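Student: I have a new structure open on my screen. Could you help me learn to read it, one feature at a time?

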Amino acid sequence: MTRKLLMHVGPVTIDYDVLVAGLRGDVGFTSQEFIDVMSFSLKFLRKLVGADESYQPFIIPGSGTAAMEGVVSTLRRGDKVLVVSNGVFGDRWKALLNRYPVAVDVLKANPGDYVKPEEVEKAVEDEKYTMVTMTHVETSTGVREPVGEVAKRIRDKVELIVVDGVSSVGAEVVKMKDYQVDVYLTASQKALGIPPGAGLLVLSERAVSRLSDESVAGYFLNLKNWLDVMRNLEVSKGSYFATLPVHLVFMMAKAFELIEREGLENRIKRHERVAQGIRTGLESMGVDIVAKRPEAYSNTVTGVLLKKANPADVLKEVVTEGVELAPGVHPALAGKYFRIGHMGWVTPNDAIATLAVLERVLKRLGEPINLGEGVRAAQLSFS
């Protein structure tokens, strides 16, 4: 039997109870059992992002990128957007928005760093923007943006504040209402610990009011076309625009049930504890972390810089030892790093196993490390 620990940045290891929840036959999108789990999931999504009933949740087929493109539904021809980018997935906003008749500016951080709140504040004071987008946790570097502070500084200066929470929701503190954010989005396959296949969004009343025929959005990802469907399903009425990922929603409902049982605050603390243990281990081992500032370390992703070993070789070797990690994707750091994903159902035991495998592999590949010190430091961190 082959067993593998998936310490990837998404998809992540899935709890067996979540997987089993999707093993159903003969379930239609108008069946009451599907409507019930969809209703529960929509309501729970609000809790995950710290929103109340005045906010509108959406669960649509696709991915985090589909959810990002759904945000275009709130834009109109000629609107101007400021993209706050800390890496590859921040830059994705520019690539996406450039396909539409809107103007886009980018405020960019150096690799491993984050755009400071005062920089964003100055940018929106110097120029009039309809929307500002931020990435809560930049998956390419593991850097966390202080979205609450940024939102506080710019709330009265822009109409829409949008946060990509693909690698944060379910593992980082998210207070959508308190931050006065207009759109929080995420995906099923990251910290929520569900298989890929769904994009999730929550919109403020202000954002919902901009869902109109004046939008520059297309058809399938136009949230106006999904709005009545979501509202009907939440109140247990069958509704249709396009086919939802029926079996995935059963898995989502089970994951949300498990999150509720664990307690969201406890879940966030678990992620924080595991992340701290992994980084403590890496630093004691003698390797560097991509994120330059400890206040920007995320609970979900850690980029690891190497001095001598080839990251591609490290990834190949660790798989043979039963652990799968993620390649580095930031072009400025190409060939210099790899990533560890620590989100979803991750535990301290998973962290210890990952560090132990890394120590053995890096030692074999000639990376100068302190063999055994990484595991020791992590054990002390967890003790």
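**Reading the sheets, a helix pair and a pocket**

Tutor: Strands (E, at least two residues) and helices (H or I, at least four) are DSSP runs numbered from the N terminus, and two strands pair if DSSP finds at least two bridges between them. This is a predicted model, where local features need pLDDT of at least 70, side-chain atom pairs count only at pLDDT 80 or more, and totals for chains, interfaces and linings use all residues. Residues are numbered from 1 along each chain as its sequence is written, and side-chain values use heavy atoms, with hydrogens and water left out.

Student: Which residue stands opposite Val304 in S12?

Tutor: That is Ile289.

Student: What is the order of the strands in the open sheet of 4 strands?

Tutor: In general, strands of a sheet pair through backbone hydrogen bonds, either parallel or antiparallel. Here the order is S11-S12-S15-S14, with antiparallel pairing. Strand S11 (288-289) and strand S14 (326-327) are at the edges with a single partner strand each, so one side of each has no neighbour in the sheet.

Student: How does the pairing read in the open sheet of 7 strands?

Tutor: The pairing there is mixed, and the order is S2-S10-S9-S8-S5-S3-S4. Strand S2 (56-62) and strand S4 (103-108) stand at its edges. Strand S3 (residues 80-85) and S4 run parallel, joined by 6 bridges.

Student: At what angle do H11 and helix H14 pack?

Tutor: H11 and helix H14 (residues 373-382) pack at about 145 degrees, with their axes 7 Å apart. The residues of their contact (heavy atoms within 4.5 Å) divide into 5 nonpolar, 7 polar and 2 charged. Ala, Val, Leu, Ile, Met, Phe, Trp, Tyr, Cys and Pro count as nonpolar, Asp, Glu, Lys and Arg as charged, and the others, Gly among them, as polar.

Student: Which residues line the largest pocket?

Tutor: A pocket is an open set of points on a 1 Å grid over the protein atoms alone where a 1.4 Å probe fits, with protein on both sides within 12 Å along at least five of seven lines; lining residues have an atom within 4 Å of a point. Among the lining residues are Arg3, Tyr16, Gly322 and Asp350. By class, the lining has 5 nonpolar, 2 polar and 4 charged residues.

Definitions and conventions:
Axes fitted to C-alpha atoms, helices over the stretch in contact; angles between N-to-C directions.
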